[in-house]
Amino acid sequence: MTTRTASSPSPRTVEPKGRFIRRLFDTISPRYDRFNRVSSLGLDQPWRRRTIAGLKLLPGMRVLDLASGSGDLSVAATRELLPLGQVVACDLSYPMLRFARKKFDRHPFAGWHITLAQGKAEELPFRSGSFHAAAIGFALRNVSDLDATFRELYRVLKPGGRIGLLEFGRPNSLLFKLGHRIWLTLAIPLIGVLTTGKLWPFLYLRRSILQFLEPEQVLRRLEAAGFRQIKAEPMTGGTAYLYQAAHPVNSN
Ligand SMILES: C[S@@+](CC[C@H](N)C(=O)[O-])C[C@H]1O[C@@H](n2cnc3c(N)ncnc32)[C@H](O)[C@@H]1O
């Protein structure tokens, strides 16, 4: 039998994935942004802006930022919606939402246009057809049930609504692949410890990136959930992927 300490839990052996993930993000929430900026060499924000640009938002729209974390996608979406419109930032982790709230209050306008909701991606607490668009940043690896998440996204979108899903990837070219492996194995744990004082969340991060689905598999699951106009766009040599899709206008 494997013995694990409280500081090195595993989602498979100790507790269901949802509880493990919530504990992980509850633990690192105050340092999450700092880790992101350093570990992505500042690329995370341009990737998020690209994700939001792909949604082709218009003022007045209602947008879901699912698994919103510290709310960077919500802030980027708000900029496109002004002077009207609303973003709902929904996350499993209350400490992440609390951290996001402080960030929104510092941004001119964001505080007025963003509302927070604590909820699970697999069972969204929203009415069907209540959003014009939705985005997810770096959470496809983390949800307990990806198919249920895609079905819920489909349900809460209005016909014609777009989604933009940003997730880490694995580069294909030999040079990028080698650099990426070294980065994941050496730099990420080191940056994680230096920025948050914890190691186990970053061992999980490495493992979850290496074990995540291939882009074609993500596309097939989006199609199975009912989405159309599906595509995957590699960014920075495939280090990250942007998945885009639309709710069909006539879905009956
Ligand atoms: C890596 S963070 C990404 C945060 C943010 N989207 C960003 O772009 O930085 C993943 C977030 O997903 C949330 N999360 C994980 N599983 C979830 C689920 N099943 N339902 C809702 N939120 C979830 C976590 O609490 C965490 O805040």
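Is Asp 147 buried, partly exposed or exposed? Asp 147 counts as partly exposed, because its relative accessibility is 28%. Keep in mind that this is a predicted model.

The side chain of Asp 147 meets that of Arg 221 in a salt bridge, 3.6 Å from N to O. This pair ties together distant parts of the chain, with Asp 147 in helix H7 and Arg 221 in helix H10, 74 residues apart. Arg 221 is also partly exposed, at 31% relative accessibility.

## Helix H7

Helix H7 covers residues 146–156, and eight of its 11 residues are buried, so the rest of the structure largely encloses it. The buried ones are Leu 146, Ala 148, Thr 149, Phe 150, Glu 152, Leu 153, Tyr 154 and Val 156. And what covers them? The cover includes strands S1 (62–66), S4 (131–137) and S5 (157–168), along with helix H10 (215–224).

The N-terminal end of H7 has a cap, too: Asp 145 puts a side-chain oxygen 3.2 Å from the backbone nitrogen of Asp 147.

## Around the ligand

Now for the ligand. It has 21 residues around it, and the closest are Tyr 32, Arg 48, Ala 67, Asp 91 and Ala 121. Helix H1 (17–28) and helix H2 (32–39) each contribute at least two residues to this shell.

Tyr 32 has a polar side-chain atom 2.7 Å from a ligand oxygen, and an N or O atom in the side chain of Arg 48 sits 2.8 Å from an oxygen of the ligand. Ala 121 uses its backbone instead, with a polar atom 2.8 Å from a ligand nitrogen. On its own the ligand has 600 Å² of accessible area, and the protein covers 97% of that.

## Salt bridges

Side chains of opposite charge can pair when their charged atoms come close. There are 13 salt bridges in this structure. One of them joins Asp 72 to Arg 37, with the closest N and O atoms 2.9 Å apart. Here, too, distant parts of the chain are linked: Asp 72 is in helix H4 and Arg 37 in helix H2, 35 residues apart. Asp 72 is buried, at 9% relative accessibility, whereas Arg 37 is partly exposed, at 27%.

Asp 44 is buried at 2% relative accessibility, and Arg 48 is buried at 5%.

## Thr 78, tucked into H4

Thr 78 sits in helix H4, residues 72–81. With a relative accessible area of 4%, Thr 78 is buried. A polar atom of its side chain lies 2.7 Å from the backbone oxygen of Ser 74. Setting aside neighbours within four places in sequence, Thr 78 contacts Val 87, Ala 110, His 113 and Ile 114.

## The surface of H8

Helix H8 (residues 174–196) holds Leu 178, which is exposed, with a relative accessible area of 55%. Together with Ile 182 and Leu 186, Leu 178 makes a nonpolar surface patch with about 310 Å² of accessible area.

Beyond its neighbours within four places in sequence, Val 193 is in contact with Lys 198 and Leu 199.

Key:
Residues numbered from 1 in each chain as written. Predicted model: local features only at pLDDT ≥ 70, side-chain atom pairs only at ≥ 80, totals over all residues. Heavy atoms only, no water. Patch = residues over 30% accessible without salt bridge, like charges linked within 9 Å, V, L, I, M, F, W, Y side chains within 5 Å. Areas by Shrake-Rupley, 256 points an atom, 1.4 Å probe, with all protein chains shown as cover. Salt bridge = Lys/Arg side-chain N within 4 Å of Asp/Glu carboxyl O. Helix = DSSP H or I, 4+ residues; strand = E, 2+ residues; numbered from the N terminus. Buried < 20%, exposed > 50% of the residue type's maximum accessible area, 1.4 Å probe, protein only. Contact = heavy atoms within 4.5 Å. Polar contact = N/O pair within 3.5 Å; in protein donor to acceptor, adjacent residues only side chain to side chain. Near = heavy atom within 4 Å.
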